[in-house]
Amino acid sequence: MAHEMEKPSRPSELYRALGEDIPSVRPIITGDVFADAEITEPDGTCTKRMVIILDHPCSLRTDGVTLAPRLTVAEVISGAPNAWRGNYSKMFLPKLQPEAQEEAQNFIALLDQCYHVSPAQITAAHRIACLSTVGINLLLQRRVHHFSRVVVPTFEFQKANAGVYDEVDLVEDWCLEREDHGIKPEEAAAECMAWLRDESDGVRKQELLKDEQRRSTVRQQMREHLKTLRTSA
């Protein structure tokens with residue numbers, strides 16, 4: 001059965017957080033949008049552009065914490081959405097800047113205008129948006145279709161990546177909790193990844209996150225472990 005390309009039911013469905021609502025400790029993930037990212041052009045000159053992260057979450061880090069030496073991004077430009085059907089080289093980002101005047105709220109990610117950036121270049125930029133899981137899945141669908149002309153339903157991306165998405169949320173929650181106790185985000189993220197990868201129970205909790213039935217158990221165990229860390233501090 002042929003599948004059709006999908007689109008959001010409303011702009012807000014695309015975003016997990018925008019602007020100042022983005023926790024600074026949230027790990028960088030697919031679909032994050034950065035303003036004023038320094039880009040090295042083919043001729044060696046440098047310019048600053050708005051970009052969106054394209055790499056799959058599993059490709060973004062070498063050890064679960066440290067960003068890979070090269071990250072793939074696409075240029076994001078100002079522009080109103082056209083028809084979601086067709087225009088498959090574009091990911092529309094309506095209401096990306098809702099506080100701006102109406103004509104300046106909407107943007108488009110150009111999936112055929114890609115660059116490589118270093119971790120230093122992206123972390124020096126200003127993160128202005130994090131896509132929701134719906135938004136990330138739509139981005140993946142459009143990028144896969146752009147390069148292959150194959151339509152993969154978004155539920156397939158969700159099924160394949162739900163554990164990874166939840167892992168990012170857990171790291172964010174862990175870092176917020178530990179930040180309240182004076183632990184730096186980098187150290188807290190490393191703590192969380194070590195806990196997720198621990199095999200003391202015979203299986204990594206990171207693996208359990210792939211099982212929809214067990215994710216809530218991992219989150220409960222995390223809350224209990226963080227409580228232990230609080231009382232032992």
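Predicted model: local features only at pLDDT ≥ 70, side-chain atom pairs only at ≥ 80, totals over all residues.

Trainee: In which sense do S3 and S4 pair, and over how many bridges?

Mentor: Strands S3 and S4 pair in the antiparallel sense, over four bridges.

Trainee: What holds such strands together in general?

Mentor: Strands of a sheet pair through backbone hydrogen bonds, and the pairing is either parallel or antiparallel.

Trainee: What is the order of the strands in the sheet here?

Mentor: The sheet is open and has seven strands, in the order S1-S7-S2-S3-S4-S6-S5, with antiparallel pairing. Strand S1 (15–18) and strand S5 (90–93) are at the edges; each has a single partner strand, so one side of each is left without a neighbour in the sheet. From one strand to the next, the twist averages 50°.

Trainee: Which residues make up S4 and S6, and how many bridges do they share?

Mentor: S4 covers residues 71–78 and S6 covers residues 107–117, and they pair in the antiparallel sense over eight bridges. Within this pairing, Val73 has Tyr115 in S6 as its bridge partner.

Trainee: Let us change topic. Where is Gln121, and is it buried or exposed?

Mentor: Gln121 is in helix H1 (residues 119–123). Its relative accessible area is 14%, which is under the 20% limit, so Gln121 counts as buried.

Trainee: What does the side chain of Gln121 reach?

Mentor: It reaches the backbone nitrogen of Ser118 at 2.8 Å. A polar contact of 3.5 Å also joins the side chains of Gln121 and Thr40. Not counting residues up to four places away in sequence, Gln121 touches Glu38, Ile39, Thr40 and His116.

Trainee: Which residues of H6 are buried?

Mentor: Arg215, Val218, Met222 and Leu226 are buried in H6. These residues cover an arc of only 75° around the axis, so they are on the same side of H6. On the other side of H6, the exposed residues are Ser216, Lys227, Thr231 and Ser232.

Trainee: What covers the buried residues of H6?

Mentor: The cover includes helix H3 (154–179), H4 and H5.

Trainee: And which residues of H4 are buried?

Mentor: They are Ala188, Ala189, Cys192, Met193, Trp195 and Leu196. Their arc around the axis is only 160°, which puts them on the same side of H4. The buried residues of H4 pack against H3, H5 and H6, while the face turned away from the buried side carries the exposed residues Glu186 and Ala194.

Trainee: One last point: where does Asp198 lie?

Mentor: Asp198 lies in the loop between helix H4 (185–197) and helix H5 (205–208). Asp198 is partly exposed, with a relative accessible area of 32%. Leaving aside neighbours within four places in sequence, Asp198 is in contact with Val203, Arg204 and Lys205.

Methods
Residues numbered from 1 in each chain as written. Heavy atoms only, no water. Pairing = 2+ DSSP bridges. Helix = DSSP H or I, 4+ residues; strand = E, 2+ residues; numbered from the N terminus. Axes fitted to C-alpha atoms, helices over the stretch in contact; angles between N-to-C directions. Buried < 20%, exposed > 50% of the residue type's maximum accessible area, 1.4 Å probe, protein only. Contact = heavy atoms within 4.5 Å. Arc of directions from axis to C-beta. Polar contact = N/O pair within 3.5 Å; in protein donor to acceptor, adjacent residues only side chain to side chain.
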